[in-house]
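Happy to walk through this one with you. Have a look at the sequence and the model first, and then we can go through some questions together.

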Amino acid sequence: MSDTLNKTLKGGEFLIKEIPANEIFSLEELSEEQKMLRDSAKEFIDREVIPHHDRFEKKDYALTEETMRKLGEMGLLGITVPEEYGGLGMGFVSTMLACDYVSGGNGSLATAYGAHTGIGTLPTLLYGSEELKKKYLPDLATGTKFGAYCLTEPDAGSDANSGKTRAKLSEDGKHYIINGQKMWISNAGFADTFTLFAKIDDDKNITGFVINRSELENPESLTFGEEEHKLGIRSSSTRQVFFNDMKVPVENMLGERNNGFKIALNALNVGRIKLAAANLDGQRRILNHSIQYSNERKQFGVSISTFGAIRKKIAEMSTGVFVSEAGSYRLAKNVEDKIEELVSGGMDHQQAELKGVEEFAVEASILKVFVSDLTQNTADEGIQIYGGMGFSEDTPMEAAWRDARIGRIYEGTNEINRLLAVGMLIKRAMKGELDLLSPAMAISKELMGIPSFEVPDYSAFMSEEKSIIANLKKVFLMVSGAALQKYMMDIEKQQHLLINASEILNQIYMAESAILRAEKHFSADSVEAAMAQLNLYKAIDKIIAAAKEGIVSFAEGDEQRMMLSGLRRFTKYTNTPNVVALTEKVAAHYIEKGAY
């Protein structure tokens, strides 16, 4: 990537800048080391996980723990942990890649892996003192010990600061005495290292701590509920955790007192990006099963893959995978580049990781929502292709559908993340960190002017698609700018409008990612170009629906008519694509190939 982009691109800035195709990263650019990482992770899952599908579905928690230990022996638990703490010290793209290919074979293992390598390890890595990092990270990186993250309480989910778990300094000043309860704690049944959050005395905010179960003076001060029986991820250990006068050394505080909420948020930001990656290979495997089954299943004397209704599903599922990959690895490289830029500017690596991820918190929420929603839809269509067999436990589809469902809840529900993405953009604009006002005002002037009737030259590959993306960004700025002008500081109360704005935002980022990926690496007649074009056509329909609902909800009279006119102008093709032809091109390619 160019030095210029590295120094200037900010989180959310894609909305107001034209991003050249050569400035984005995608899977086609993996290094040889990264390809080896990908291949070893995929081979491990095919050998150690896929054959044991039935055991995972029968709540074999010991199998999950055993498989995690094997991942630790391979070094796959310490991808992001620096070498001085027992890890591999690889970059953010490699972290995403490992998460992608480790997570695809089974939802239970994906949850255990994500909870351990993400929120179970990152708080100590990013906020721990040097002593804490040396003490806890080597065991976490190698799988000698597993991590769990204790934040959620019965009455405190997204509102983490409302938790009732309390910490009180002991009389000798050497320990914090912690009492309280946490719930939905992944890995609790076999974890030894617990990251936990509690309010010290009557503090306004929570504070973070880390402790090993094995080092407690009183083992009975940390107890657990029974394993939760869940819709999916059945072999993922999920328990309530109880603190009963549990003593944590004062030096085990993470970061500063009252800083726990920020620790939690930043850990979850990383978790959101990685959750997108964790869904990718699951999408690929669901798609591949669907293609293979449709080729093998005969009805009326022919394979059902010859039927247009099935081919349409396969084309849309394939397109979804391509788009999900494009957005996920684009963002992974943006984060990695930002971290490297900050380090080269003199910032220590720990702080640079924090700032790098925090910079792209908006995009992290976009990815989390888009990819987890799409994975659920992919699994649903997989069941539909299998028909009645898809509903049976004898095929992989019903388990995939159940496992996929948790993705829309993890790391903040998708509704919370939709609100977060737009809310963070607005806050950045109000702080002057991101200039959304100037382009929004320019669009208002454009709407008042006479539109050009000159037919543009769209002979260059993807030129019309990129022009449309630029116009879709105008739609977002037009709708959100007008809504913000009307509601000002009360905009956060208008959740219906924010949800609509978020849908527009999500579709723009992901459609742009797919178009730039196709432009950079493929030709005009490629199936990848067809997928990028097909996705854009569908995205426009979704953007029109969301924008129109917003406009008619808060605008009236001339303002409403002008904005609806602008919406039509900004979502119009000069050369409308043949959607059926694009769909058939994608379906034919992957059905003949037999896999994605």
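A cavity, worked out on a 1 Å grid over the protein atoms alone, is a set of points where a 1.4 Å probe fits but cannot get out, and its lining residues have an atom within 4 Å of a point. Grid points are joined across faces, edges and corners, and a volume is the space filled by probe spheres set on the points. This is a predicted model, where local features need pLDDT of at least 70, side-chain atom pairs count only at pLDDT 80 or more, and totals for chains, interfaces and linings use all residues. Residues are numbered from 1 along each chain as its sequence is written, and side-chain values use heavy atoms, with hydrogens and water left out.

Q: How many cavities of 30 Å³ or more does the structure hold?
A: With cavities defined as above, the search keeps those of 30 Å³ or more.

Q: Which helix gives the most to the lining of the second largest cavity?
A: Helices here are DSSP runs of H or I with at least four residues, strands are runs of E with at least two, and both are numbered from the N terminus. The lining includes V422, I426, V479, L498 and F554. At least two lining residues come from each of α14, α16 and α17. With 4 residues, the top contributor is α16.

Q: What does helix α14 reach from its first C-alpha to its last?
A: Helix α14 covers residues 414-430, which is 17 residues. The expected span of a helix is 1.5 Å times one less than its number of residues. For α14 the expected value is 24 Å, and the model comes close to it, with a reach of 24 Å.

Q: Which elements do the buried residues of α14 pack against?
A: Buried means under 20% relative accessible area, exposed means over 50%, and partly exposed lies in between (1.4 Å probe, protein chains only). Among the buried residues of α14 are N414, L419, V422, I426 and R428. Taking contact as heavy atoms within 4.5 Å, their packing partners are α9 (260-296), α11 (349-359), α12 (361-386), α16 (463-487) and α17 (495-521).

Q: Is R418 buried or exposed?
A: R418 is found in helix α14. Leaving out residues up to four places away in sequence, R418 touches V369, D373, I499, S502, E503 and N506. Its relative accessibility is 14%, so R418 counts as buried.

Q: Why is helix α13 largely enclosed by the rest of the structure?
A: Helix α13 spans residues 397-404, and its buried residues are M397, E398, A399, A400, R402, D403 and A404. The cover over them includes α3 (53-57), α6 (107-117), α9 and α12.

Q: Which type of pair do F146 and F190 form?
A: F146 sits in the loop between α8 (130-142) and β1 (147-150), while F190 sits in the loop between β3 (175-186) and β4 (193-200), 44 residues apart. Both F146 and F190 are buried. Their centres are 5.3 Å apart with 90° between the planes, and the pair is edge-to-face.

Q: Which type of pair do the rings of Y293 and Y386 make?
A: Y293 lies in helix α9 and Y386 in helix α12, so the pair ties together parts 93 residues apart in sequence. Both Y293 and Y386 are buried. The ring centres are 4.0 Å apart and the planes lie at 15°, so the pair is stacked.

Q: What is the phi of E411, a residue that is not a glycine?
A: Most residues other than glycine have a negative phi. E411 is found in the loop between α13 and α14, and at 17% relative accessibility E411 counts as buried. The phi of E411 is positive, at about 55°.

Terms used. Phe/Tyr/Trp six-rings, centres within 6.5 Å; stacked < 30°, edge-to-face > 60°. 1 Å grid on protein atoms, 1.4 Å probe; cavity = no way out; pocket = protein on both sides within 12 Å on 5 of 7 lines; lining within 4 Å.
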